[in-house]
Amino acid sequence: MACAAARSPADQDRFICIYPAYLNNKKTIAEGRRIPISKAVENPTATEIQDVCSAVGLNVFLEKNKMYSREWNRDVQYRGRVRVQLKQEDGSLCLVQFPSRKSVMLYAAEMIPKLKTRTQKTGGGDPSLQQGEGSKKGKGKKKK
C-alpha cells in the first residue's frame, strides 16, 4: 500500500466527493446535509452538481452508481456522486475561488436553481395541474 505522501493530489481517487444529500434542504444534518439549510437546494441531483462544477472550469467526473451511505431511498434519482479536483499535482489549487470542499458545495447550491432545467420545470407546471383536476370529474355514484 502506498503512503499518502506518494500519491498525487491530481489522482482521481484523491478528488473530493460531493453527494446530492450534502446540498439537499429536505435533509437534516443527521441525514447528511453539510451546508446551512438557508443555502441548500431542494432535491439536487448528481448530474446537476456535475453541470454546475464543470461550467465554472473544475475538473469533475460523475459516478452514477454510487450511493450515499445514509440515503435510505434507493431510487435512481438519489444515486450518484461527483468527484471534483481541488488541487493540481504540485499541490496548488486548481481554481483560487475554491480553496475547500465547502466552498465548492456552497457554489453548487447557489448555482443549481439557476440551471435551465430548474427554471423550465417551474414554468411548465400549470398544464399538469389542469390535467389532474380534469381526471377527478367522473368520480362519484355510477348511473344504472
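In the predicted model, helices α1 and α2 are roughly perpendicular to each other, a class that covers angles of 65 to 115 degrees, with under 35 degrees counted as roughly parallel, over 145 as roughly antiparallel and the rest as oblique. Helix α1 spans residues 46-56 and helix α2 residues 101-111; the two pack at an angle of about 105°, and their axes lie 9 Å apart. Axes are lines fitted to C-alpha atoms, for helices over the stretch in contact, and angles run from 0 to 180 degrees between N-to-C directions. Helices (H or I, at least four residues) and strands (E, at least two) are DSSP runs numbered from the N terminus.

Val-52, Cys-53 and Val-56 of α1 meet Val-104, Tyr-107, Ala-108 and Met-111 of α2, contact being defined as heavy atoms within 4.5 Å. Of the residues in this contact, seven are nonpolar, none is polar and none is charged. In this scheme Ala, Val, Leu, Ile, Met, Phe, Trp, Tyr, Cys and Pro count as nonpolar, Asp, Glu, Lys and Arg as charged, and the others, Gly among them, as polar.

The model is predicted, with local features needing pLDDT of at least 70 and side-chain atom pairs counted only at pLDDT 80 or more, whereas totals for chains, interfaces and linings use all residues. Residues are numbered from 1 along each chain as its sequence is written, and side-chain values use heavy atoms, with hydrogens and water left out.

Five salt bridges were counted, each requiring a side-chain nitrogen of Lys or Arg within 4 Å of a carboxyl oxygen of Asp or Glu. One of them pairs Lys-27 with Glu-71, with 3.0 Å between the closest N and O atoms. Lys-27 lies in the loop between β1 (16-18) and α1, and Glu-71 in the loop between β2 (60-63) and β3 (81-84), 44 residues apart.

Between strands β2 and β3, Glu-63 and Arg-83 are 20 residues apart, and the closest N and O atoms of their salt bridge are 4.0 Å apart. Glu-63 counts as buried at 18% relative accessibility, and Arg-83 is buried at 9%. Salt bridges with shared partners join Glu-63, Arg-81 and Arg-83 into one network.

Conventions. Buried < 20%, exposed > 50% of the residue type's maximum accessible area, 1.4 Å probe, protein only.
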